[in-house]
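Biologist: Please show me the two chains. I would like to ask about them one feature at a time.

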Amino acid sequence: MIVAERKPIKEIISMINGLRKILVLGCKGCVTVCSAGGEREVEILATIIRMDRKKKGEPVEVMERTLVRQCDPEYLDLLSDSIGQFDAVLSMACGVGVNFLADRYPKTVALPALNTKFYGVAEEQGVWSERCAGCGDCILNLTGGLCPVARCSKGLFNGPCGGSVNGKCEISPDIPCVWQLIYDRLKGLNQLDKLDEVLPVKDWGVSPHGGPRKIVREDLKI
Amino acid sequence: MSGTFKPDVTAFCCRYAVYNFAEDPGGLAEAGFPEGVKVEQVSCSGRVDVVRLLKALEAGADGVYVVGCEEEKCHNVAGSQRAKKRAEYIKDVLLQLGMEPERIEMFFMSRGDEARFIEMAREMIGKVKALGPSPLRGK
């Protein structure tokens with residue numbers, strides 16, 4: 001899932017300073033699962049905003065709504081009749097949702113309430129960590145299913161650097177060295193021979209470095 | 001301020017912990033339970049979510065507290081530990097809003113310990129009196 005977390009309250013409050021009518025817009029997708037921007041978080045943030053304005057004696061009308069997703073047009077289009085009444089929409093979706101909101105409603109002020117962090121997993125309740133960097137050219141078949149792009153601090157492709165100590169990364173003892181994990185896993189699978197293959201220079205042109213990416217599926221287009 | 005200020009405090013209390021006395025407000029008052037504390041019984045302190053606590057503060061409560069079972073002996077295993085984390089979360093929210101974090105507290109008690117229950121209420125009323133009215137009160 002896309003993992004995000006709410007921005008500091010002070011930052012959000014500063015963003016909406018002076019606005020009188022605000023829609024706090026949640027998303028039932030990834031950000032609900034990672035407890036950052038679902039229905040519950042919308043209610044919490046809307047309440048916090050009302051408390052802030054009450055304290056300051058500044059009026060505000062805060063509406064709450066949560067869409068199934070903010071990254072699909074059919075759900076964002078549900079706002080078309082009402083969105084014009086708001087001074088701003090404070091989106092609790094990931095950055096994708098905020099972008100799409102801005103794309104579809106040119107006259108609406110679209111503000112982000114979250115910081116979008118990474119593609120990751122829930123390790124346990126309340127703990128998420130990165131697993132994929134969306135590099136556009138997956139090589140997990142060669143690395144035992146573990147990604148050196150997302151999980152090696154240096155993004156190394158052919159084994160660990162000299163900073164791998166006791167299975168941990170040199171940047172933090174809390175970060176496992178993914179190349180140690182890859183080695184251990186391939187050993188367990190009797191596939192250590194895969195490490196004999198030298199990975200070629202990666203084509204970063206299909207990663208974000210190559211500019212905004214797009215997929216067109218003619219078989220699905222209407 | 002403290003001379004005329006009558007605190008308005010909401011207490012969310014685990015029904016299991018206060019089972020033997022909370023249904024008798026008259027008896028509680030007689031035993032020394034202070035004025036100004038509105039007791040809301042809940043099935044477990046872990047059932048009191050962040051929104052409920054925030055809404056009580058938004059409504060103008062000068063202070064809010066949660067009473068749960070002793071941390072390691074919660075009737076529902078981890079309910080009071082969850083409640084404690086939520087209270088801590090709200091303390092941080094209050095700080096970021098420029099309000100006093102002491103306006104929310106978490107307390108733990110043994111099941112049926114009426115004296116401790118009264119002591120906690122008095123402690124909270126004392127704290128709130130020192131803080132003065134909530135800046136959200138009456139707005």
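This is a predicted model: local features need pLDDT of at least 70, side-chain atom pairs count only at pLDDT 80 or more; totals for chains, interfaces and linings use all residues.

Modeller: Residues are numbered from 1 along each chain as its sequence is written, while chains are lettered from A and ligands numbered from 1 in the order in which they are written.

Biologist: Which domains does the assignment give for chain A?

Modeller: Domain bounds come from an automatic or database domain assignment. For chain A, that assignment gives domain 1 (2-118) and domain 2 (134-208).

Biologist: How many Å separate the centres of domain 1 and domain 2 of chain A?

Modeller: The centres of these domains of chain A are taken over C-alpha atoms. Their separation is 37 Å.

Biologist: Why is strand β2 of chain A largely enclosed by the rest of the structure?

Modeller: Helices (H or I, at least four residues) and strands (E, at least two) are DSSP runs, numbered from the N terminus. A residue is buried if 20 or more other C-beta atoms lie within 10 Å of its own, exposed if 12 or fewer, and partly exposed in between; C-beta atoms are placed from the backbone. β2(A) covers residues 21-27, and it is largely enclosed because, of its seven residues, the number buried is six.

Biologist: Which residue of β4(A) is the bridge partner of L23(A)?

Modeller: Two strands pair if DSSP finds at least two bridges between them. Seven bridges join β2(A) to the parallel strand β3(A), residues 61-67, where V24(A) stands opposite E64(A). Four bridges link β2(A) to β4(A), residues 88-91, also in the parallel sense. In β4(A), the partner of L23(A) is V89(A).

Biologist: Is M51(A) buried or exposed?

Modeller: M51(A) sits in helix α3 of chain A, residues 39-56. It has 24 C-beta neighbours inside 10 Å, so it counts as buried.

Biologist: Which residues of chain B does M51(A) touch?

Modeller: Two residues are in contact if their C-beta atoms, placed from the backbone, lie within 7 Å. Residues up to four places away in sequence are not counted. M51(A) touches L54(B), L57(B), E58(B), L97(B) and L136(B).

Biologist: Which element gives the largest share of the side of chain A that touches chain B?

Modeller: 13 residues of chain A are in contact with 13 residues of chain B. Two elements give two or more residues to the side of chain A: α1 (9-15) and α3 of chain A. The largest share, nine residues, comes from α3(A).

Biologist: How many residues on that side of chain A are charged?

Modeller: Ala, Val, Leu, Ile, Met, Phe, Trp, Tyr, Cys and Pro count as nonpolar, Asp, Glu, Lys and Arg as charged, and the others, Gly among them, as polar. On the side of chain A that touches chain B, five are nonpolar and two are polar. The charged residues number six.

Biologist: What is the pattern of chain B along the sequence?

Modeller: Chain B has four helices and four strands. Read along the sequence, its pattern is β-α-β-α-β-α-β-α.

Biologist: Which strands are the edge strands in the sheet of chain B?

Modeller: The open sheet of chain B has four strands in the order β2-β1-β3-β4, with parallel pairing. An edge strand here pairs on one side only. The edge strands of chain B are β2 (37-42) and β4 (104-109).

Biologist: What is the radius of gyration of chain B?

Modeller: The radius of gyration is taken over C-alpha atoms, and the globule rule is 2.2 Å times the number of residues to the power 0.38. With 139 residues, a compact globule would have a value near 14 Å. Chain B agrees, at 14 Å.

Biologist: What is the phi of V77(B)?

Modeller: Most residues other than glycine have a negative phi. V77(B) lies in the loop between β3 and α3 of chain B. V77(B) is not a glycine, yet its phi is positive, about 70°.
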